[in-house]
Amino acid sequence: MTVEIPAAGRTLLDRLERLPLSRPHFVLLLMGGLGIAFDGMDGSLVSYLLPAVKPLWHLAPWQIGLIGSSLLIGILIGALTAGIVGDAIGRRKVMMYALALYCAATLIAAFAPSWEIFFSARIVAGIGVGAEAAIIPAFIAEFIPARSRGLLVGAVAGFFSAGYVASALLGRLFVPTFDHGWRIAQIVTALPVLMLLWWRRSLPESPRWLIQQGRYAEAGEVVDALEDAVRATGKDVPPVPAPSIETTVSVPRSPKPGAGLVLMWRDGLARRTAVLWLLWISITFAFFGFFTWIPSLLVERDLTISKSLTYALLITLAQIPGYYSGAYLNERLDRKWTIASYLTAGAISAFLLANASNNGQLLACGILLSFFMNGTYAGLYAYTPEVYPTAIRATGMGTASAVGRLGGISAPILIGVLFTSIGFLGVFSMIAAALLLGAVAILTLGLSTRGRRLEDLDPEQPVAQPSAAMLPERGAAAAN
(Lines give C-alpha, C1' and ligand atoms only; values in the text may rest on other atoms or scores of the structure.)
Protein backbone atom coordinates (compact mmCIF):
# COMPACT_ATOMS: atom_id res chain seq x y z
CA MET A 1 0.00 0.00 0.00
CA THR A 2 1.28 3.42 -0.94
CA VAL A 3 0.20 7.01 -0.41
CA GLU A 4 0.78 9.89 -2.80
CA ILE A 5 2.75 12.93 -1.65
CA PRO A 6 1.36 16.18 -3.08
CA ALA A 7 3.57 18.76 -4.75
CA ALA A 8 4.05 20.70 -1.51
CA GLY A 9 5.37 17.65 0.30
CA ARG A 10 7.73 16.78 -2.54
CA THR A 11 9.01 20.32 -2.56
CA LEU A 12 9.80 20.18 1.15
CA LEU A 13 12.09 17.24 0.41
CA ASP A 14 13.78 19.23 -2.37
CA ARG A 15 14.21 22.20 -0.03
CA LEU A 16 15.87 19.98 2.58
CA GLU A 17 18.25 18.46 0.06
CA ARG A 18 19.51 21.71 -1.44
CA LEU A 19 20.45 23.37 1.87
CA PRO A 20 24.19 23.94 2.39
CA LEU A 21 25.69 22.14 5.36
CA SER A 22 25.93 24.73 8.13
CA ARG A 23 25.48 25.55 11.81
CA PRO A 24 21.89 24.25 12.27
CA HIS A 25 22.94 20.86 10.92
CA PHE A 26 25.87 20.77 13.32
CA VAL A 27 23.59 21.77 16.21
CA LEU A 28 21.41 18.76 15.40
CA LEU A 29 24.56 16.66 15.28
CA LEU A 30 25.56 17.92 18.73
CA MET A 31 22.09 17.37 20.19
CA GLY A 32 21.99 13.79 18.98
CA GLY A 33 25.67 13.18 19.65
CA LEU A 34 25.45 14.17 23.31
CA GLY A 35 22.66 11.67 23.81
CA ILE A 36 24.83 9.00 22.16
CA ALA A 37 27.87 9.99 24.27
CA PHE A 38 26.07 9.63 27.58
CA ASP A 39 24.68 6.30 26.41
CA GLY A 40 28.19 5.07 25.60
CA MET A 41 29.46 6.35 28.93
CA ASP A 42 26.81 4.54 30.95
CA GLY A 43 27.10 1.42 28.86
CA SER A 44 30.79 0.96 29.64
CA LEU A 45 30.67 2.20 33.25
CA VAL A 46 29.43 -1.09 34.68
CA SER A 47 32.88 -2.67 34.45
CA TYR A 48 34.13 0.01 36.87
CA LEU A 49 31.15 -0.34 39.21
CA LEU A 50 31.33 -4.11 39.72
CA PRO A 51 34.49 -4.09 41.88
CA ALA A 52 32.76 -1.64 44.25
CA VAL A 53 29.36 -3.32 44.55
CA LYS A 54 30.69 -6.89 44.77
CA PRO A 55 31.93 -6.60 48.39
CA LEU A 56 29.15 -4.19 49.35
CA TRP A 57 26.42 -6.80 48.76
CA HIS A 58 28.64 -9.91 49.00
CA LEU A 59 27.76 -10.90 45.46
CA ALA A 60 28.20 -14.42 44.16
CA PRO A 61 29.66 -14.94 40.66
CA TRP A 62 26.23 -15.58 39.14
CA GLN A 63 24.96 -12.28 40.58
CA ILE A 64 27.96 -10.42 39.15
CA GLY A 65 27.21 -12.01 35.79
CA LEU A 66 23.60 -10.87 35.91
CA ILE A 67 24.58 -7.29 36.74
CA GLY A 68 27.22 -7.34 34.03
CA SER A 69 24.62 -8.34 31.43
CA SER A 70 21.80 -6.14 32.76
CA LEU A 71 22.46 -3.16 30.53
CA LEU A 72 22.78 -5.31 27.41
CA ILE A 73 19.44 -6.94 28.20
CA GLY A 74 17.84 -3.51 28.51
CA ILE A 75 19.55 -2.24 25.34
CA LEU A 76 18.15 -5.19 23.41
CA ILE A 77 14.61 -4.36 24.57
CA GLY A 78 15.05 -0.62 24.08
CA ALA A 79 16.46 -0.81 20.57
CA LEU A 80 13.66 -3.04 19.35
CA THR A 81 10.79 -1.11 20.93
CA ALA A 82 12.19 2.34 20.09
CA GLY A 83 12.15 1.61 16.40
CA ILE A 84 8.55 0.42 16.41
CA VAL A 85 7.36 3.31 18.57
CA GLY A 86 9.47 5.85 16.66
CA ASP A 87 7.75 4.98 13.40
CA ALA A 88 4.36 5.29 15.11
CA ILE A 89 4.63 8.46 17.22
CA GLY A 90 7.69 10.21 15.84
CA ARG A 91 11.42 10.42 16.42
CA ARG A 92 11.41 13.44 18.75
CA LYS A 93 9.11 11.94 21.40
CA VAL A 94 11.06 8.71 21.57
CA MET A 95 14.34 10.56 21.96
CA MET A 96 12.96 12.62 24.85
CA TYR A 97 11.17 9.76 26.60
CA ALA A 98 14.22 7.51 26.27
CA LEU A 99 16.52 10.14 27.75
CA ALA A 100 14.15 10.75 30.66
CA LEU A 101 13.83 7.01 31.32
CA TYR A 102 17.57 6.48 31.23
CA CYS A 103 18.31 9.36 33.61
CA ALA A 104 15.60 8.36 36.11
CA ALA A 105 16.72 4.72 36.17
CA THR A 106 20.38 5.71 36.55
CA LEU A 107 19.54 7.86 39.57
CA ILE A 108 17.61 4.98 41.12
CA ALA A 109 20.62 2.71 40.53
CA ALA A 110 22.88 5.30 42.18
CA PHE A 111 20.87 5.14 45.40
CA ALA A 112 20.02 1.43 45.21
CA PRO A 113 19.92 -0.19 48.69
CA SER A 114 20.26 -3.74 47.33
CA TRP A 115 21.68 -5.58 44.36
CA GLU A 116 18.19 -6.56 43.19
CA ILE A 117 17.13 -2.93 42.83
CA PHE A 118 20.48 -2.05 41.29
CA PHE A 119 20.11 -4.87 38.75
CA SER A 120 16.52 -3.90 37.87
CA ALA A 121 17.39 -0.21 37.51
CA ARG A 122 20.31 -1.07 35.23
CA ILE A 123 17.97 -3.01 32.93
CA VAL A 124 15.58 -0.04 32.73
CA ALA A 125 18.50 2.32 32.11
CA GLY A 126 19.57 -0.01 29.31
CA ILE A 127 16.15 0.32 27.70
CA GLY A 128 16.72 4.08 27.51
CA VAL A 129 20.26 3.60 26.19
CA GLY A 130 19.12 1.18 23.49
CA ALA A 131 16.27 3.44 22.44
CA GLU A 132 18.55 6.47 22.07
CA ALA A 133 21.17 4.54 20.11
CA ALA A 134 18.52 3.21 17.72
CA ILE A 135 16.47 6.35 17.11
CA ILE A 136 19.12 9.10 16.93
CA PRO A 137 20.89 7.92 13.74
CA ALA A 138 17.55 7.63 11.91
CA PHE A 139 16.55 11.08 13.18
CA ILE A 140 19.80 12.73 12.03
CA ALA A 141 19.73 10.95 8.65
CA GLU A 142 16.32 12.44 7.85
CA PHE A 143 17.62 16.02 8.14
CA ILE A 144 20.94 15.82 6.31
CA PRO A 145 21.32 16.31 2.52
CA ALA A 146 22.38 13.20 0.64
CA ARG A 147 25.80 14.63 -0.22
CA SER A 148 26.75 14.87 3.50
CA ARG A 149 24.56 12.25 5.19
CA GLY A 150 27.24 9.57 5.54
CA LEU A 151 29.70 12.01 7.10
CA LEU A 152 27.34 13.46 9.71
CA VAL A 153 25.54 10.27 10.71
CA GLY A 154 28.90 8.51 10.98
CA ALA A 155 30.17 11.43 13.06
CA VAL A 156 27.24 11.28 15.47
CA ALA A 157 28.00 7.60 16.05
CA GLY A 158 31.52 8.67 16.93
CA PHE A 159 30.20 10.23 20.12
CA PHE A 160 30.04 6.69 21.50
CA SER A 161 33.84 6.73 21.73
CA ALA A 162 33.76 9.94 23.75
CA GLY A 163 31.38 8.19 26.14
CA TYR A 164 33.73 5.22 26.51
CA VAL A 165 36.67 7.49 27.32
CA ALA A 166 34.55 9.49 29.79
CA SER A 167 33.49 6.32 31.58
CA ALA A 168 37.13 5.29 31.94
CA LEU A 169 37.87 8.67 33.53
CA LEU A 170 34.84 8.42 35.84
CA GLY A 171 35.80 4.91 36.83
CA ARG A 172 39.34 5.93 37.68
CA LEU A 173 38.58 9.30 39.33
CA PHE A 174 35.43 8.65 41.37
CA VAL A 175 34.97 4.95 42.10
CA PRO A 176 38.26 4.29 43.95
CA THR A 177 38.56 7.79 45.45
CA PHE A 178 35.34 8.14 47.46
CA ASP A 179 33.55 5.80 49.85
CA HIS A 180 30.46 5.99 47.65
CA GLY A 181 32.30 6.77 44.43
CA TRP A 182 30.28 4.21 42.49
CA ARG A 183 27.11 6.12 43.43
CA ILE A 184 28.63 9.49 42.53
CA ALA A 185 29.75 8.19 39.13
CA GLN A 186 26.18 7.17 38.29
CA ILE A 187 24.81 10.52 39.43
CA VAL A 188 27.19 12.16 36.96
CA THR A 189 25.97 9.91 34.16
CA ALA A 190 22.39 11.00 34.97
CA LEU A 191 23.21 14.68 34.35
CA PRO A 192 21.96 14.59 30.74
CA VAL A 193 18.49 14.99 32.25
CA LEU A 194 19.36 18.68 31.94
CA MET A 195 19.45 18.20 28.16
CA LEU A 196 15.69 17.66 28.26
CA LEU A 197 15.29 21.39 28.88
CA TRP A 198 17.24 22.09 25.70
CA TRP A 199 15.62 19.34 23.65
CA ARG A 200 12.11 20.30 24.72
CA ARG A 201 12.63 23.85 23.45
CA SER A 202 14.85 23.26 20.42
CA LEU A 203 14.54 19.71 19.13
CA PRO A 204 12.39 19.58 15.97
CA GLU A 205 10.48 16.60 14.68
CA SER A 206 11.80 14.93 11.56
CA PRO A 207 10.19 16.65 8.54
CA ARG A 208 10.39 13.41 6.58
CA TRP A 209 8.38 11.60 9.25
CA LEU A 210 5.84 14.44 9.30
CA ILE A 211 5.49 14.26 5.52
CA GLN A 212 5.03 10.49 5.76
CA GLN A 213 2.18 11.14 8.20
CA GLY A 214 0.57 13.73 5.90
CA ARG A 215 1.33 16.59 8.31
CA TYR A 216 2.65 18.92 5.60
CA ALA A 217 2.01 22.17 7.47
CA GLU A 218 4.11 21.07 10.44
CA ALA A 219 6.83 19.75 8.14
CA GLY A 220 6.82 23.10 6.36
CA GLU A 221 7.34 24.92 9.64
CA VAL A 222 10.36 22.75 10.43
CA VAL A 223 11.90 23.34 6.99
CA ASP A 224 11.17 27.08 7.20
CA ALA A 225 12.96 27.27 10.55
CA LEU A 226 15.91 25.30 9.20
CA GLU A 227 16.22 27.62 6.20
CA ASP A 228 16.07 30.68 8.48
CA ALA A 229 18.81 29.20 10.65
CA VAL A 230 21.01 28.59 7.59
CA ARG A 231 20.48 32.16 6.38
CA ALA A 232 21.35 33.46 9.85
CA THR A 233 24.83 31.97 9.43
CA GLY A 234 25.39 34.21 6.39
CA LYS A 235 25.19 31.39 3.87
CA ASP A 236 23.06 31.68 0.77
CA VAL A 237 20.14 29.30 0.44
CA PRO A 238 20.06 28.22 -3.21
CA PRO A 239 16.76 28.08 -5.08
CA VAL A 240 14.98 24.76 -5.37
CA PRO A 241 16.30 23.23 -8.60
CA ALA A 242 13.84 22.85 -11.46
CA PRO A 243 13.63 19.13 -12.31
CA SER A 244 13.26 17.71 -15.75
CA ILE A 245 10.04 15.72 -15.36
CA GLU A 246 6.64 16.08 -13.78
CA THR A 247 5.22 13.05 -12.09
CA THR A 248 3.24 11.81 -9.12
CA VAL A 249 5.24 10.48 -6.20
CA SER A 250 4.13 7.61 -3.97
CA VAL A 251 5.72 6.34 -0.80
CA PRO A 252 4.86 3.34 1.39
CA ARG A 253 1.83 4.03 3.59
CA SER A 254 2.60 4.15 7.31
CA PRO A 255 1.99 0.62 8.61
CA LYS A 256 0.31 -0.29 11.86
CA PRO A 257 2.69 -0.29 14.84
CA GLY A 258 4.82 -3.41 14.71
CA ALA A 259 3.96 -4.22 11.09
CA GLY A 260 7.40 -2.99 10.06
CA LEU A 261 8.84 -6.18 11.52
CA VAL A 262 7.10 -8.06 8.70
CA LEU A 263 7.57 -5.42 6.00
CA MET A 264 11.36 -5.56 6.45
CA TRP A 265 11.21 -8.97 4.78
CA ARG A 266 9.01 -7.95 1.84
CA ASP A 267 9.00 -5.74 -1.27
CA GLY A 268 12.69 -5.90 -2.07
CA LEU A 269 13.84 -5.29 1.51
CA ALA A 270 14.52 -8.90 2.55
CA ARG A 271 18.05 -9.00 1.15
CA ARG A 272 18.89 -5.63 2.72
CA THR A 273 17.61 -6.80 6.10
CA ALA A 274 19.52 -10.09 5.94
CA VAL A 275 22.78 -8.31 5.08
CA LEU A 276 22.25 -5.75 7.85
CA TRP A 277 21.53 -8.34 10.50
CA LEU A 278 24.61 -10.32 9.51
CA LEU A 279 26.74 -7.15 9.61
CA TRP A 280 25.44 -6.07 13.02
CA ILE A 281 25.93 -9.55 14.53
CA SER A 282 29.44 -9.96 13.13
CA ILE A 283 30.80 -6.56 14.16
CA THR A 284 29.08 -6.52 17.57
CA PHE A 285 30.27 -10.06 18.28
CA ALA A 286 33.83 -9.05 17.47
CA PHE A 287 33.61 -5.74 19.35
CA PHE A 288 32.25 -7.08 22.64
CA GLY A 289 34.33 -10.22 22.47
CA PHE A 290 37.44 -8.10 22.07
CA PHE A 291 36.79 -5.31 24.57
CA THR A 292 35.30 -7.55 27.26
CA TRP A 293 38.22 -9.95 27.28
CA ILE A 294 41.23 -7.95 26.13
CA PRO A 295 42.58 -7.11 29.64
CA SER A 296 42.31 -10.74 30.74
CA LEU A 297 43.69 -12.06 27.47
CA LEU A 298 46.67 -9.74 27.73
CA VAL A 299 47.36 -11.03 31.23
CA GLU A 300 47.34 -14.53 29.74
CA ARG A 301 50.18 -13.36 27.50
CA ASP A 302 52.22 -12.68 30.67
CA LEU A 303 51.57 -8.96 30.91
CA THR A 304 51.11 -7.61 34.43
CA ILE A 305 47.60 -6.49 35.35
CA SER A 306 48.81 -2.87 35.52
CA LYS A 307 50.38 -3.02 32.08
CA SER A 308 47.35 -4.89 30.75
CA LEU A 309 45.00 -2.10 31.88
CA THR A 310 47.33 0.51 30.38
CA TYR A 311 47.34 -1.34 27.06
CA ALA A 312 43.55 -1.66 27.21
CA LEU A 313 43.21 2.09 27.75
CA LEU A 314 45.44 2.88 24.76
CA ILE A 315 43.48 0.42 22.65
CA THR A 316 40.21 2.06 23.77
CA LEU A 317 41.49 5.52 22.83
CA ALA A 318 41.98 4.26 19.25
CA GLN A 319 38.18 4.18 18.96
CA ILE A 320 38.02 7.96 18.50
CA PRO A 321 40.11 8.29 15.30
CA GLY A 322 38.57 5.04 14.09
CA TYR A 323 35.04 6.47 14.20
CA TYR A 324 35.88 9.78 12.57
CA SER A 325 38.09 8.35 9.85
CA GLY A 326 35.20 6.04 8.96
CA ALA A 327 32.77 8.95 8.95
CA TYR A 328 35.07 10.88 6.60
CA LEU A 329 35.42 7.96 4.21
CA ASN A 330 31.65 7.41 4.14
CA GLU A 331 31.43 10.19 1.58
CA ARG A 332 34.66 9.30 -0.22
CA LEU A 333 34.35 5.54 -0.64
CA ASP A 334 30.59 5.05 -0.14
CA ARG A 335 29.21 3.37 2.98
CA LYS A 336 29.38 -0.08 1.38
CA TRP A 337 33.09 0.19 0.60
CA THR A 338 33.93 1.88 3.89
CA ILE A 339 32.31 -0.94 5.85
CA ALA A 340 33.94 -3.64 3.72
CA SER A 341 37.38 -2.02 3.87
CA TYR A 342 37.33 -1.54 7.64
CA LEU A 343 35.98 -5.04 8.29
CA THR A 344 38.72 -6.55 6.11
CA ALA A 345 41.43 -4.45 7.74
CA GLY A 346 40.01 -5.41 11.15
CA ALA A 347 40.13 -9.10 10.25
CA ILE A 348 43.77 -8.74 9.20
CA SER A 349 44.55 -6.89 12.46
CA ALA A 350 42.88 -9.65 14.52
CA PHE A 351 44.88 -12.32 12.67
CA LEU A 352 48.15 -10.42 13.25
CA LEU A 353 47.20 -9.94 16.91
CA ALA A 354 46.66 -13.66 17.27
CA ASN A 355 50.17 -14.26 15.97
CA ALA A 356 51.95 -11.37 17.73
CA SER A 357 55.29 -12.42 19.16
CA ASN A 358 55.99 -9.57 21.58
CA ASN A 359 54.24 -6.91 23.65
CA GLY A 360 54.86 -4.14 21.13
CA GLN A 361 53.15 -6.12 18.39
CA LEU A 362 50.28 -6.93 20.75
CA LEU A 363 49.71 -3.25 21.46
CA ALA A 364 50.06 -2.13 17.85
CA CYS A 365 47.71 -4.80 16.51
CA GLY A 366 45.21 -4.19 19.33
CA ILE A 367 45.14 -0.49 18.50
CA LEU A 368 44.61 -1.25 14.82
CA LEU A 369 41.79 -3.70 15.57
CA SER A 370 40.06 -1.15 17.80
CA PHE A 371 40.51 1.53 15.13
CA PHE A 372 39.02 -0.52 12.31
CA MET A 373 36.12 -2.01 14.28
CA ASN A 374 34.93 1.43 15.34
CA GLY A 375 35.41 2.80 11.84
CA THR A 376 33.09 0.01 10.74
CA TYR A 377 30.45 1.26 13.17
CA ALA A 378 30.69 4.76 11.66
CA GLY A 379 29.79 3.29 8.29
CA LEU A 380 27.15 0.93 9.66
CA TYR A 381 25.28 3.59 11.66
CA ALA A 382 25.11 5.72 8.51
CA TYR A 383 24.18 2.81 6.23
CA THR A 384 21.43 1.16 8.29
CA PRO A 385 18.77 3.93 8.27
CA GLU A 386 19.41 4.62 4.60
CA VAL A 387 18.23 1.27 3.28
CA TYR A 388 14.69 1.47 4.70
CA PRO A 389 11.76 3.72 3.67
CA THR A 390 10.71 6.45 6.09
CA ALA A 391 7.62 4.45 7.10
CA ILE A 392 9.73 1.72 8.72
CA ARG A 393 13.16 3.39 9.02
CA ALA A 394 13.22 3.53 12.81
CA THR A 395 11.92 -0.04 13.06
CA GLY A 396 14.65 -1.23 10.69
CA MET A 397 17.36 0.64 12.56
CA GLY A 398 16.16 -0.48 15.98
CA THR A 399 15.73 -4.10 14.99
CA ALA A 400 19.17 -4.33 13.39
CA SER A 401 20.73 -2.78 16.50
CA ALA A 402 18.79 -5.18 18.74
CA VAL A 403 19.78 -8.24 16.70
CA GLY A 404 23.39 -7.09 16.84
CA ARG A 405 23.22 -7.13 20.64
CA LEU A 406 22.74 -10.89 20.45
CA GLY A 407 26.26 -11.05 19.09
CA GLY A 408 27.43 -8.77 21.89
CA ILE A 409 25.78 -10.92 24.55
CA SER A 410 27.03 -14.23 23.15
CA ALA A 411 30.64 -13.26 22.41
CA PRO A 412 31.95 -12.87 25.99
CA ILE A 413 30.19 -16.09 27.02
CA LEU A 414 31.46 -18.09 24.04
CA ILE A 415 35.02 -16.82 24.44
CA GLY A 416 34.92 -17.62 28.15
CA VAL A 417 33.80 -21.18 27.45
CA LEU A 418 36.20 -21.84 24.57
CA PHE A 419 39.33 -20.01 25.72
CA THR A 420 40.83 -22.93 27.64
CA SER A 421 40.59 -25.14 24.56
CA ILE A 422 41.35 -22.71 21.71
CA GLY A 423 43.64 -20.24 23.48
CA PHE A 424 44.70 -16.74 22.47
CA LEU A 425 45.24 -17.72 18.84
CA GLY A 426 41.81 -19.32 18.58
CA VAL A 427 39.97 -16.37 20.14
CA PHE A 428 41.37 -13.82 17.73
CA SER A 429 41.07 -16.14 14.77
CA MET A 430 37.37 -16.41 15.62
CA ILE A 431 37.09 -12.60 15.79
CA ALA A 432 38.89 -12.30 12.45
CA ALA A 433 36.50 -14.82 10.87
CA ALA A 434 33.45 -12.90 12.12
CA LEU A 435 34.76 -9.65 10.65
CA LEU A 436 35.67 -11.28 7.34
CA LEU A 437 32.20 -12.83 7.06
CA GLY A 438 30.65 -9.36 7.36
CA ALA A 439 33.00 -7.97 4.72
CA VAL A 440 32.04 -10.68 2.22
CA ALA A 441 28.33 -10.10 2.88
CA ILE A 442 28.42 -6.33 2.29
CA LEU A 443 30.64 -6.65 -0.79
CA THR A 444 28.46 -9.25 -2.49
CA LEU A 445 24.98 -8.17 -1.40
CA GLY A 446 25.31 -4.61 -0.09
CA LEU A 447 23.76 -1.45 -1.53
CA SER A 448 25.60 1.69 -2.65
CA THR A 449 24.00 4.74 -1.02
CA ARG A 450 26.49 7.60 -1.39
CA GLY A 451 24.93 10.78 -2.79
CA ARG A 452 21.44 9.25 -3.14
CA ARG A 453 18.37 10.76 -1.50
CA LEU A 454 16.65 8.58 1.05
CA GLU A 455 13.50 8.47 -1.08
CA ASP A 456 15.50 7.30 -4.10
CA LEU A 457 16.69 4.25 -2.16
CA ASP A 458 13.19 2.79 -1.82
CA PRO A 459 13.36 -0.46 -3.84
CA GLU A 460 9.75 -0.21 -5.03
CA GLN A 461 8.89 3.48 -5.17
CA PRO A 462 11.82 5.73 -6.17
CA VAL A 463 11.01 9.39 -5.72
CA ALA A 464 10.94 11.40 -8.93
CA GLN A 465 11.46 15.12 -8.94
CA PRO A 466 8.48 17.50 -9.30
CA SER A 467 8.23 19.91 -12.19
CA ALA A 468 9.05 23.58 -11.88
CA ALA A 469 5.35 24.39 -11.90
CA MET A 470 4.91 22.34 -8.74
CA LEU A 471 7.44 24.31 -6.70
CA PRO A 472 5.55 26.54 -4.22
CA GLU A 473 7.21 29.44 -2.53
CA ARG A 474 8.21 29.40 1.12
CA GLY A 475 5.20 28.82 3.35
CA ALA A 476 3.11 27.33 0.55
CA ALA A 477 3.35 23.89 2.15
CA ALA A 478 1.20 25.05 5.00
CA ALA A 479 -1.51 26.17 2.62
CA ASN A 480 -1.62 22.75 1.02
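Helices (H or I, at least four residues) and strands (E, at least two) are DSSP runs, numbered from the N terminus. By that rule, the protein chain has 19 helices and two strands. This is a predicted model, in which local features need pLDDT of at least 70 and side-chain atom pairs count only at pLDDT 80 or more, while totals for chains, interfaces and linings use all residues. Residues are numbered from 1 along each chain as its sequence is written, and side-chain values use heavy atoms, with hydrogens and water left out.

**Overall figures**

Buried means under 20% relative accessible area, exposed over 50%, and partly exposed in between (1.4 Å probe, protein chains only). Of the 480 residues of the protein chain, 57% count as buried. The chain exposes about 18500 Å², of which carbon and sulfur atoms supply 66%; accessible areas come from the Shrake-Rupley method with a 1.4 Å probe, and for residues only the protein chains shown count as cover. Contact means heavy atoms within 4.5 Å. Among contacts between residues at least 6 apart in sequence, 85% join residues at least 24 apart.

**Nonpolar patch**

Patches are made of residues with over 30% relative accessible area and no salt bridge; like charges are joined within 9 Å, nonpolar side chains (Val, Leu, Ile, Met, Phe, Trp, Tyr) within 5 Å. A salt bridge is a side-chain nitrogen of Lys or Arg within 4 Å of a carboxyl oxygen of Asp or Glu. One nonpolar surface patch consists of Leu313, Leu314, Leu317, Ile320 and Tyr324, with about 370 Å² of accessible area together. Helix 14 (305–317) and helix 15 each supply at least two of its residues, and helix 14 gives the most, with three. Ile320 belongs to helix 15 and is partly exposed, with a relative accessible area of 31%.

**Aromatic pairs**

Rings of Phe, Tyr and Trp (its six-membered ring) pair if their centres lie within 6.5 Å; planes under 30 degrees apart count as stacked, over 60 as edge-to-face and the rest as tilted. The structure holds 17 such pairs. Two of them are tabulated.

| Pair | Centre distance | Plane angle | Class |
|---|---|---|---|
| Phe118 and Trp182 | 5.7 Å | 85 degrees | edge-to-face |
| Phe371 and Phe372 | 5.1 Å | 90 degrees | edge-to-face |

Phe118 lies in helix 5 (residues 115–141) and Trp182 in helix 8 (residues 181–189), so their pair ties together parts that are 64 residues apart in sequence. Phe118 and Trp182 are both buried. Phe372 also counts as buried, at 18% relative accessibility.

One aromatic cluster is formed by Phe160, Tyr164, Trp280, Phe287, Phe288, Tyr377 and Tyr381. Thr284, in helix 13 (residues 270–300), is buried at a relative accessible area of 2%. A polar atom of the Thr284 side chain lies 2.7 Å from the backbone oxygen of Trp280. Leaving aside residues up to four places away in sequence, Thr284 touches Tyr377, Gly404, Arg405, Gly407 and Gly408.

**Positive phi**

His58 has a phi near 50 degrees, a positive value in a residue other than glycine. His58 sits in the loop between helix 2 (23–56) and helix 3 (61–89), and counts as exposed at 69% relative accessibility. For Asp334, phi is near 85 degrees, again positive in a residue other than glycine. Asp334 occupies the loop between helix 15 (319–333) and helix 16 (335–354), and counts as buried at 5% relative accessibility.

Key
A polar contact is a pair of N or O atoms within 3.5 Å; within protein, one must be able to donate a hydrogen and the other to accept it, and residues adjacent in sequence count only if both atoms are side-chain atoms.
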